Every structure is written in C-alpha cells, then in structure tokens.
Amino acid sequence: MSRRAAGPAIRVRPAREVRRQRRRSAHPCWDHLIAAPLWPQHGANLGTLLRTCDAVGACMAVPRFSWVPEALARGNTLRRPACVHWVNDPLGWLERQRAAGSRVVGVELADEAVRLADLPAARTRTVAVLGHERSGIPGEALDLLDLAVEIPMVGGGASLNVAVAGSLVLYRLAGLL
C-alpha cells in the first residue's frame, strides 16, 4: 500500500491573479476616510501608514514639517502616487473638518473610549486622528474629537507605533475587519 503525498492545504494565489482583483490605477481622493497622524514622532512609520491607506482606500493628512515628504517616500513602496492632504495648522484643520460634517475619531486611551472591536465602520466622511507616539493627542485637540477609540493591549507597553495603531483603526473603519 503506497501513500500519495497530499497537495498543500492552502493555495497561494499567483501575483497576476491578485493584480487582476485589485484596482488598476491609484485611487483619487475618495474623500471618505482620512488617516491623520498630525503629530508624528518617527518618519518611517508615515510611509508604512501610507501603504495601509492605499490598501483600504483612505487618504492621509500630514503636517507640513520639512522632514515629512522624505519620510513618506522612504517608507512608501507603492508604485503609484497616494492621496496626501498637507496640513499647515492641525487644530484649525480639525475644526474645519468637524464644521464641514466629518466625524472625527481619535485613537487615544480615555475613559469614554470605545474598544476597537466595537468601532463601527465609517458610514460618513471620517477622520482618524493619531497622536504623538509618546504623549498621544494634544489636550487642545481632544475637544475636537467626536469619539475616542482604544486599542486593547495586554502587554506592558503603553502604546503601539502610529503605523500599527493607524492600520488597525483604518481597517476597522473601512469595514474590512
């Protein structure tokens, strides 16, 4: 009695099949979901977050710091341009987003925060605000949030880096998790 080798239980899709299933060109500004790391600390994380924005069909709003363009380019492996909104005044920009009817969701540890698993997908234009990795969202910006979302952690760390936290929240807001 001979045993036949069983084929792999999981079939990996070839790159050409994956490309056929995805959009053919860069998305223009869909103006629905915007990741806003307005107080970034580490540059490499911005390019990584930009790749997540592309994956979920979101745009990114970043401050006009002199080092940000290079940081976006360094961590970004996309072959097409991504949608980036440049922000001169983060607080003023957030105020204008709310005044225009956008829902402003901040990723922050707060008593009133919603757990990530309970965050509903974005049904209206939504801005996901990400704070400084060490100090979070500045106090004066907290009053501009409609909702705070908390990413549960069981380890000893106090926070995730901005690319990881932003990616988790963006996938949830995009309805992909």
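**Figure 1. Ser167 in helix 6 of a predicted model**. With a relative accessibility of 15%, Ser167 counts as buried; buried means under 20% relative accessible area, exposed over 50%, and partly exposed in between (1.4 Å probe, protein chains only). Ser167 lies in helix 6, where helices (H or I, at least four residues) and strands (E, at least two) are DSSP runs, numbered from the N terminus. Not counting residues up to four places away in sequence, Ser167 touches Leu49 and Thr52, a contact being heavy atoms within 4.5 Å. The model is predicted, local features need pLDDT of at least 70, side-chain atom pairs count only at pLDDT 80 or more, and totals for chains, interfaces and linings use all residues. Residues are numbered from 1 along each chain as its sequence is written, and side-chain values use heavy atoms, with hydrogens and water left out.

**Figure 2. The second largest pocket**. This pocket has a volume of about 350 Å³. Of its 21 lining residues, Val107, Glu108, Ala158, Ser159 and Leu160 are the closest to the centre. Strand 7 (147-150) and helix 6 (162-173) are the elements that give two or more residues to the lining. By residue class, the lining divides into 11 nonpolar, 6 polar and 4 charged; Ala, Val, Leu, Ile, Met, Phe, Trp, Tyr, Cys and Pro count as nonpolar, Asp, Glu, Lys and Arg as charged, and the others, Gly among them, as polar. On a 1 Å grid over the protein atoms alone, a pocket is an open set of points where a 1.4 Å probe fits, with protein on both sides within 12 Å along at least five of seven lines, and lining residues have an atom within 4 Å of a point. Grid points are joined across faces, edges and corners, and the volume is the space filled by probe spheres set on the points.

**Figure 3. Strand 1 and its paired strands**. Strand 1 (residues 33-37) is mostly covered, with 5 of its 5 residues buried. Leu33, Ala35 and Pro37 point one way from the strand, while Ile34 and Ala36 point the other way. Strand 1 pairs in the parallel sense with strand 6 (residues 126-130) over 5 bridges; two strands pair if DSSP finds at least two bridges between them. Within strand 6, Val129 stands opposite Ala36. Strand 1 also pairs in the parallel sense with strand 2 (residues 59-63), over 2 bridges, and Met60 of strand 2 is the bridge partner of Ala35.

**Figure 4. Ala141 in helix 5**. Ala141 belongs to helix 5 (residues 139-142) and counts as buried because its relative accessibility is 0%. Leaving aside neighbours within four places in sequence, Ala141 is in contact with Trp39, Leu91 and Leu94. The C-alpha atoms of Ala141 and Val129 are separated by 9.4 Å, at 12 residues apart along the chain.

**Figure 5. Ala110 in a loop**. Ala110 is placed between strand 4 (103-107) and strand 5 (114-115). Its relative accessibility is 27%, so Ala110 counts as partly exposed. Apart from neighbours within four places in sequence, Ala110 is in contact with Ala148 and Glu150. Ala110 and Leu142, 32 residues apart in sequence, are 9.9 Å apart in space, C-alpha to C-alpha.
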